[in-house]
Amino acid sequence: RLVVRISNKTITAQVAYSRIEGDYIMAAAYSSELPRYGVKTGLSNYSAAYCTGLLLARRVLKTLKLDTAYEGNAEPDGAEYEVEENDEGPRPFQCFLDVGLAPTSCGSRVFGVLKGAVDGGLAIPHSQGRFPGYDTEQKEFDAETHRKYIFG
């Protein structure tokens, strides 16, 4: 499962699985690591959430040696992206979003982590209705608005 926790200063994303002894963390990414990759300020906004999810996805796939088989979205533009299963080789790594007690309102930073993880190459079931840019009255998704949130 993709565990996302948001505090006042940082965003934490982990991929965990359960055993009888307790939960095991396969990989983790923190928004406080983002200055190493060029993101200097705003470590708790939607853009940082997206980057944290992307970083986590690449770490998980590298751990499982799936990073060459599933490259993810080469050009993130805010539009819908689903990981395609390869004809040969292993299936994509699938996990489910675990938000804990965080409110799941439309445009929440939790869904920024989700979008980053999906664009990074993880197969996570989701719908566009929770991303910023989705109009509930007209039932359509505006990818340009979502792109503005991702790139700040």
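Three aromatic pairs were counted, that is, 3 pairs of Phe, Tyr or Trp rings (six-membered ring for Trp) with centres within 6.5 Å; planes under 30 degrees apart count as stacked, over 60 as edge-to-face and the rest as tilted. The model is predicted: local features need pLDDT of at least 70, side-chain atom pairs count only at pLDDT 80 or more, and totals for chains, interfaces and linings use all residues. Residues are numbered from 1 along each chain as its sequence is written, and side-chain values use heavy atoms, with hydrogens and water left out.

One of the aromatic pairs joins Tyr17 and Tyr24. It is stacked, at 5.7 Å centre to centre and 25° between the planes. Tyr17 is partly exposed, with a relative accessible area of 35%. Tyr24 is also partly exposed, at 35% relative accessibility. Here buried means under 20% relative accessible area, exposed means over 50%, and partly exposed lies in between (1.4 Å probe, protein chains only). Another pair, Tyr46 and Tyr149, is edge-to-face, because the ring centres are 5.6 Å apart and the planes stand at 80°. This pair links distant parts of the chain. Tyr46 sits in helix H1 and Tyr149 in helix H3, 103 residues apart. Tyr46 is buried, with a relative accessible area of 7%. Tyr149 is partly exposed at 42%.

Helices (H or I, at least four residues) and strands (E, at least two) are DSSP runs, numbered from the N terminus. An open sheet is formed by 4 strands, in the order E3-E2-E1-E4, with mixed pairing. Strand E3 (23-30) and strand E4 stand at the edges. Each has a single partner strand, so one side of each is left without a neighbour in the sheet. Two strands pair if DSSP finds at least two bridges between them. E1 and E2 pair in the antiparallel sense over 5 bridges. Ile6 has Ile11, in E2, as its bridge partner.

Helices pack on this sheet. H1 lies across E1, E2 and E3 and runs at about 130° to E3. H2 touches E1, E2 and E4, and its direction makes about 140° with that of E1. Axes are lines fitted to C-alpha atoms, for helices over the stretch in contact, and angles run from 0 to 180 degrees between N-to-C directions. Contact means heavy atoms within 4.5 Å.

Helix H2 spans residues 109-120. H2 is mostly covered, with 11 of its 12 residues buried. Among them are Val110, Phe111, Leu114 and Val118. The cover includes strand E1 (2-6), strand E2 (11-18), helix H1 (46-63), strand E4 (97-98) and helix H3 (143-151). Lys115 also lies in H2. Lys115 is buried, at 2% relative accessibility. Its contacts, not counting residues up to four places away in sequence, include Tyr50, Glu80, Phe131 and His146. Just after H2, Gly121 takes a positive phi of about 120°.

The count of disulfides (pairs of cysteine sulfur atoms within 2.5 Å) comes to 0. Cys51 is in no disulfide. The nearest cysteine sulfur, that of Cys95, is 18 Å away. Cys51 is partly exposed at 26% relative accessibility. Cys106 is partly exposed at 40%.

How values were computed. Expected span 1.5 Å × (residues − 1).
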